[in-house]
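User: I would like to learn how to read a model of a two-chain complex. Please take me through it feature by feature.

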Amino acid sequence: MNDTPAPGSGIDATFVRRWLDLATTALDREADRLTELDSPIGDADHGSNMRRGFIAARTAVEQEPPETPGGVLVLVGRTLISTVGGASGPLYGTLLRKAGKELGEAETVGADRLRDALRAGVGGVAQLGGAAAGDKTMLDALLPALDALTGALDAGGSAAEVLASAASAAEEGAEATTPLRARKGRASYLGERSIGHQDPGATSAALLIGALAEAAGATGGGAA
Amino acid sequence: MVGIVLVSHSASVAEAVAALAAGLTGGGTDVPVVAAGGGPDGGLGTSSDLIASAARTVDQGTGVAVLADLGSAVLTVKALLADDELPAGSRLLDAPFLEGAVAAVVTASTGADLDAVAAAAEEAYTFRKL
């Protein structure tokens, strides 16, 4: 299967596939850490679930590569729902499917469309899980990432710059979940005892946004 | 007859609750009830493929009531419904898993429609034990 990359011309299917590769690599590398974070406050399967889901998604995309960035995201989302097995499956699946649908049939989009897609995806996650900012969930990484991306875009940053700020904000947001008390999911049963642990879902969300910045960096900066 | 799908993190819980609910209808019930328990790897978790195939199995064209236990079971059913991946007329019931399953199966066995099955299952939240 030969791809026809459109170098430097924005976010296309090739870009999203590069993100998928980088995200899968990052999740594979960090799987043990994610599972470790999920041990005191979860059921100790987040790392292995995410790794399994992303490897399956990468295989699905390799077998029948969609031609649009939205198509790749929708296929990854659908695969995550059927292979992850934990709550992160439908949550990340919804994030990526909503984002992919927002991109529609476009073959190449700019960072502004990516922001719209992320906003749609994050909205879908909030609606599905019913969580809000500060509940110690993946939203605590995704919402700051969306805000930072929006701010950097308004300030006229290039695609690589806006995604880099989104990645830093996601990372900071994930770290900031440590003192929070969980109000959603299994960790919420632990009450006070959920305090003092970084949320695994926010941590994996930061890895995924980090891979997005990495994918943009690898394009050579994507001229604004 | 309304079909019923029971989604639990555990395959044995889903199957046991299905057997209990069917047993409490007085035996000889022909309510289509299918358990969809456990994750894609057979361990604890949720499998969207199992849920979708269970829903197709119990679908007789008069609605499918889905009951789920916790977390990913609930979220996966919602995600499948949002993407129209369950048969038309499928509905997630807002009900306790075991008590709701018994109420749903017994009500469905009378030939009641999906609204009545859903109402009976949801009412199970109000049965206080003390």
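Predicted model: local features only at pLDDT ≥ 70, side-chain atom pairs only at ≥ 80, totals over all residues.

User: What pLDDT does chain B average, and what ipTM does the predictor give the complex?

Analyst: pLDDT is the predictor's confidence in each residue, on a scale from 0 to 100. Chain B averages 94, and 98% of its residues score at least 70. For the complex, the predictor gives an ipTM of 0.86 and a pTM of 0.90.

User: How many helices and strands are there in chain A?

Analyst: Helices (H or I, at least four residues) and strands (E, at least two) are DSSP runs, numbered from the N terminus. Chain A has 8 helices and 2 strands, in the order β-α-α-α-α-β-α-α-α-α from the N terminus on. The radius of gyration is taken over C-alpha atoms, and the globule rule is 2.2 Å times the number of residues to the power 0.38. For chain A the radius is 16 Å, close to the 17 Å that the rule gives for 224 residues, so the chain is as compact as a globular protein of that length. Its C-alpha atoms fill a box of roughly 50 × 40 × 30 Å along the principal axes.

User: And which pattern does chain B follow along the sequence?

Analyst: Chain B, with 5 helices and 4 strands, follows β-α-β-α-β-α-β-α-α. Its radius of gyration is 13 Å, close to the 14 Å of the globule rule for 130 residues, so chain B too is as compact as a globular protein of that length.

User: What does the UniProt annotation say about chain A?

Analyst: UniProt positions are given in the numbering used here, feature names are shortened, and annotations may be inferred rather than shown by experiment. According to the unreviewed UniProt entry, "domain: DhaL" covers residues 14–214 of chain A. In the model, that stretch is 72% helix and 1% strand, and its end C-alpha atoms are 14 Å apart.

User: How are two packed helices described?

Analyst: Two packed helices are described by the angle between their axes and the distance between the axes. Axes are lines fitted to C-alpha atoms, for helices over the stretch in contact, and angles run from 0 to 180 degrees between N-to-C directions. In chain A, the axes of helix H6 (residues 139–154) and helix H8 (residues 200–217) come within 7 Å and cross at roughly 35°. Two residues are in contact if their C-beta atoms, placed from the backbone, lie within 7 Å. H6(A) contributes A:Asp140, A:Ala141, A:Leu142 and A:Ala145, and H8(A) contributes A:Ala202, A:Ala205, A:Ala206 and A:Ile209. Ala, Val, Leu, Ile, Met, Phe, Trp, Tyr, Cys and Pro count as nonpolar, Asp, Glu, Lys and Arg as charged, and the others, Gly among them, as polar. On that count the contact of H6(A) with H8(A) has 7 nonpolar, no polar and 1 charged.

User: How many residues does the contact take from chain B and from chain A?

Analyst: It takes 14 residues from chain B and 15 residues from chain A. On the chain B side, helix H2 (48–58) and helix H3 (71–82) each supply at least two residues. H3(B) gives the most, with 6 residues. By class, the side of chain B that touches chain A has 3 nonpolar, 8 polar and 3 charged residues.

User: Is B:Leu86 buried or exposed?

Analyst: A residue is buried if 20 or more other C-beta atoms lie within 10 Å of its own, exposed if 12 or fewer, and partly exposed in between, with C-beta atoms placed from the backbone. B:Leu86 is buried, with 23 such atoms within 10 Å. B:Leu86 lies in the loop between H3 and strand S4 (90–92) of chain B. Leaving aside neighbours within four places in sequence, B:Leu86 is in contact with B:Ala52, B:Ala55, B:Val64, B:Leu80 and B:Leu81.

User: Is B:Asp84 buried or exposed?

Analyst: B:Asp84, in the loop between H3 and S4 of chain B, counts as exposed, with 9 C-beta neighbours inside 10 Å. Its phi is near 55°, a positive value in a residue other than glycine.

Key
Residues numbered from 1 in each chain as written. Chains lettered and ligands numbered in written order.
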